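Hello,

Here is the structure you asked to look at. Please open it first, then read my notes below.

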Amino acid sequence: SQKFSRINSTRFEIASIALTTGKAYLFLPENGNWGKKFGAVDDLAAGIKVAGPFKPEGVNIPAPDVSGNYKISVDFINNRYTVTKL
């Protein structure tokens, strides 16, 4: 499923999700509500495919260079995310 699990009051995580090279994604705090989305600050920044800052109404986050299953961690106090290959 594409639903985040709450780790604490500011951190959320998807333990395993399939990401496909060449695709992109956003974070939706409310399932199906595209009016409240979070995305990358800069989708061309170095390393953005595996970690970086995000913001409300940000740009699509590009998927990693290798398709596969990944863990996504999101920290809303620091406005940063990490993507880890499983």
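**What I found**

Glu13 counts as buried, because its relative accessibility is 17%. Buried means under 20% relative accessible area, exposed means over 50%, and partly exposed lies in between (1.4 Å probe, protein chains only). Residues are numbered from 1 along each chain as its sequence is written, and side-chain values use heavy atoms, with hydrogens and water left out. The model is predicted: local features need pLDDT of at least 70, side-chain atom pairs count only at pLDDT 80 or more, and totals for chains, interfaces and linings use all residues.

**Glu13 and the salt bridges**

Glu13 meets Lys71 in a salt bridge, at 3.9 Å from N to O. A salt bridge here is a side-chain nitrogen of Lys or Arg within 4 Å of a carboxyl oxygen of Asp or Glu. Strands (E, at least two residues) and helices (H or I, at least four) are DSSP runs, numbered from the N terminus. Lys71 is partly exposed, at 27% relative accessibility.

How many salt bridges are there by this rule? The count comes to three. Glu30 and Lys36 form one of them, at 3.2 Å from N to O. Glu30 is partly exposed at 38%, and Lys36 is partly exposed at 45%. Lys49 and Asp65 form another, with their closest N and O atoms 2.6 Å apart. Lys49 lies in the loop between E4 and E5, and Asp65 in the loop between strand E6 (61-62) and E7. Lys49 is partly exposed at 30%. Asp65 is exposed at 56%.

**The sheet**

Now the strands. Six of them form an open sheet in the order E1-E2-E7-E8-E5-E4, with antiparallel pairing. Two strands pair if DSSP finds at least two bridges between them. The edge strands are E1 (5-6) and E4, and each pairs on one side only.

Strand E7 covers residues 68-75, and six of its eight residues are buried. Seven bridges join E7 to E2 (residues 11-19). Along that pairing, Ala18 stands opposite Asn69, and Arg11 stands opposite Asp75. Six bridges join E7 to E8 (residues 80-85). There, Tyr70 has Lys85 as its bridge partner. Lys85 also lies over the face of Tyr70, 5.3 Å from the ring centre. For that, NZ of Lys or CZ of Arg must be within 6 Å of the ring centre and within 35 degrees of the ring normal.

E7 and E8 form a hairpin with four residues between them. Asn79 in the turn has a positive phi of about 50 degrees. Further along the sheet, E5 (residues 51-56) pairs with E8 over three bridges. Ala51 has Thr82 as its partner in E8. E4 and E5 also pair over three bridges, and Ala40 stands opposite Phe54.

**The core**

Which residues have the most contacts inside the largest nonpolar core? They are Leu19, Tyr25, Phe27, Ile72, Tyr81 and Val83, in a core of 16 residues. E2, E4 (38-40), E7 and E8 each give two or more residues to this core. A nonpolar core is a set of buried Ala, Val, Leu, Ile, Met, Phe, Trp, Tyr and Cys residues joined through side-chain atoms within 4.5 Å. Ile72 touches several residues beyond four places away in sequence, among them Phe4, Phe12, Glu13 and Val83. Contact means heavy atoms within 4.5 Å.

**The aromatic rings**

The whole structure holds eight aromatic pairs. Rings of Phe, Tyr and Trp (its six-membered ring) pair if their centres lie within 6.5 Å; planes under 30 degrees apart count as stacked, over 60 as edge-to-face and the rest as tilted. Phe27 and Tyr81 are edge-to-face, because their centres are 5.8 Å apart and their planes are at 70 degrees. Phe27 is buried at 4%, and Tyr81 is buried at 1%. Phe54 and Phe76 are also edge-to-face, with centres 5.2 Å apart and planes at 80 degrees. Phe54 is buried at 2%, whereas Phe76 is partly exposed at 31%.

Best wishes
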